[in-house]
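Notebook open. I want to look up helix packing, cores, charge pairs and surface in this model.

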Amino acid sequence: MTKSKKITLSASRDIPFNKLVLSQSNVRKVKAGVSIEELAEDISRRTLLSSITVRPVLDDDGSETGMFEIPAGGQRYRALELLVKQRRLNKTAPVPCMVRTEGLAEEDSLAENIQRTPLHPLDQFRAFQAMRKKGKSEEEIAAAFFVSVNVVKQRLKLAAVSATLLDAYAEEERTLDQLMAFTVNPDHERQEQVWEALKQHYSKQPYEIRRMLTEGAVRASDRRAQFVGLDNFVEAGGEVLRDLFQTDDGGWLQDAALLETMVTEKLNEEAQAIRAEGWKWIEVATNFPYGHTYDLRRIHGEAEPMSGDEDKTYTALKAEYEKLEDDYAEADELPEEIDERLGEIETAMEALQNRPIRFEAEDYAIAGAFVSIDSSGGLRVERGYVRPEDEPVEETDELGGDASAVSDIDDEIDDDRAEAHLDEDEDDDGTKPLSDRLVCELTVHRTIGLRDALANDPQLAMLACLHAMVL
């Protein structure tokens, strides 16, 4: 029985940096991965984490020259070279090297690159998580690995997913995109419920996972969420679910019941201020149905004019706005501070232009207001609507005539009816129509009445015109 030959590992030794040169045998020709600058910073922080493979340079006689070439580890060499040029590393500093003499230089380079096993993403997520638990801040982790803080947040979020899902991802039962979708809801129990449901679900797309995990939640872009404010919602104990991997428009508000309570309370507070104006009635709702004012008459108040000081302020703001526009008319892009200032001026001018509406005392006595939330989450107040039962009773008829005129019309109608009755007695079938004069009179008054109704309800008049144009 022959003994197996024992393996002899390559010798390890420290070689001065100025004795090292790059080899033409390095198989890596295409730049990929970490940049030389980032690698140099990493070496300066942690020193060299792995030795460089080298081979002695021989002269024509086959004798060693004292120089060593690098067939594998060229990026590390260039990073050290950059540190030497920056005078952060001595050019004679010893570099840990593995000295190879057997085989081919190309073989060394190819083997080192092929046999290098890349780190599984899950291992990276868990490593970031371990560093965070040991006291490293997100900013410190980001700086150590030359990534943005948001990337660190994303990887920590992935590492915080249910262990069941992480194991499935490690076994390639789930894709990274699907794992990202599960981070929307931090509740592990809910994540696992959705995971089980997906096994029988026809769709396993990330968007479907997000939809299932946010069922019952309210979008942050919802008018109710905008009305209350996300900061106020969180301060009241609510939770906002966020998606770090795609645009989520602010996320999802988890506690819908809490949101409804906050909306109701704030709307009632706002309604108290409107009620204090003196309206006969106030109706409050998150949103009123379409056409809720159709059978109501609208009283249009007058906008209060600007005071002298307000007018001066508006004029000054407008002049400043026009000057800034002229100064930067040729600029491809406005400076940030100028763009911000223009926005401030626009907001101030709009506030001055939105004048309070003034109503008469008798208007408050018969009219009311609707208080709700507009589509952008702001307060919406519709003032000056009169219900039919609150309309004042006047002695004159609705068409504007006096009592005597009405009496004359009634007499004429009675005469026509009597005449029609006599004619009807003479007609066997009793189907004689109204007289032409009576029909003409009634049509005139009907037309006047319609004009009066439309004149007192601009919204109804607009709808009548729209209806005619659509036809």
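Which residue just after α1 takes a positive phi? I found Thr-47, at about 65 degrees.

Ground rules for these entries. The model is predicted, so I take local features only at pLDDT of at least 70 and side-chain atom pairs only at pLDDT 80 or more, while totals for chains, interfaces and linings use all residues. Residues are numbered from 1 along each chain as its sequence is written, and side-chain values use heavy atoms, with hydrogens and water left out.

**Entry: helix α1**

I looked up which residues of α1 (residues 36-46) are buried, and got Leu-39, Ala-40, Asp-42 and Ile-43. They sit on the same side of α1, because their arc around the axis is only 160 degrees. Helices here are DSSP runs of H or I with at least four residues, strands are E runs of at least two, and both are numbered from the N terminus. The arc is taken from the directions from the helix axis to the C-beta atoms. Buried means under 20% relative accessible area, exposed over 50%, and partly exposed in between (1.4 Å probe, protein chains only).

What covers this buried side? The cover includes α2 and α5 (138-144).

**Entry: Arg-76**

Arg-76 belongs to helix α2 (residues 74-85). Is Arg-76 buried or exposed? I read a relative accessible area of 12%, so Arg-76 is buried. Leaving out residues up to four places away in sequence, Arg-76 touches Leu-39, Ile-43, Leu-48, Ser-50, Ser-51, Ile-52 and Glu-112. Contact means heavy atoms within 4.5 Å.

**Entry: salt bridges**

I searched the whole structure and got 23 salt bridges. The criterion is a side-chain nitrogen of Lys or Arg within 4 Å of a carboxyl oxygen of Asp or Glu.

Arg-88 pairs with Glu-41, with the closest N and O atoms 3.0 Å apart. Arg-88 is in the loop between α2 and β5 (94-99) and Glu-41 is in helix α1, so this pair ties together parts 47 residues apart in sequence. Arg-88 is partly exposed at 43%, and Glu-41 is partly exposed at 30%.

Glu-81 and Arg-78 also pair, with closest N and O atoms 4.0 Å apart. Both lie in helix α2, 3 residues apart, about one turn of the helix.

Glu-320 meets Arg-341 at 2.9 Å, N to O. Glu-320 is in α14 (residues 308-327) and Arg-341 in α15 (residues 336-353), so the pair ties together parts 21 residues apart in sequence. I also noted one network, in which salt bridges with shared partners join Arg-190, Glu-208, Arg-211 and Glu-215.

**Entry: nonpolar cores**

A core is a set of buried Ala, Val, Leu, Ile, Met, Phe, Trp, Tyr and Cys residues joined through side-chain atoms within 4.5 Å. The largest has 25 residues, and Leu-253, Leu-259, Val-263, Trp-279 and Ile-282 touch the most other members. At least two residues each come from α11 (223-228), α13 (256-275), α16 (361-366) and β13 (367-373). Which element gives the largest share of this core? I found α13, with 7 residues.

Beyond four places in sequence, Leu-259 touches Val-218, Arg-224, Ala-225, Val-228, Phe-233 and Leu-253. Another core, of 20 residues, lies apart from the largest one; Ala-159, Leu-165, Ala-168 and Leu-179 are among its members.
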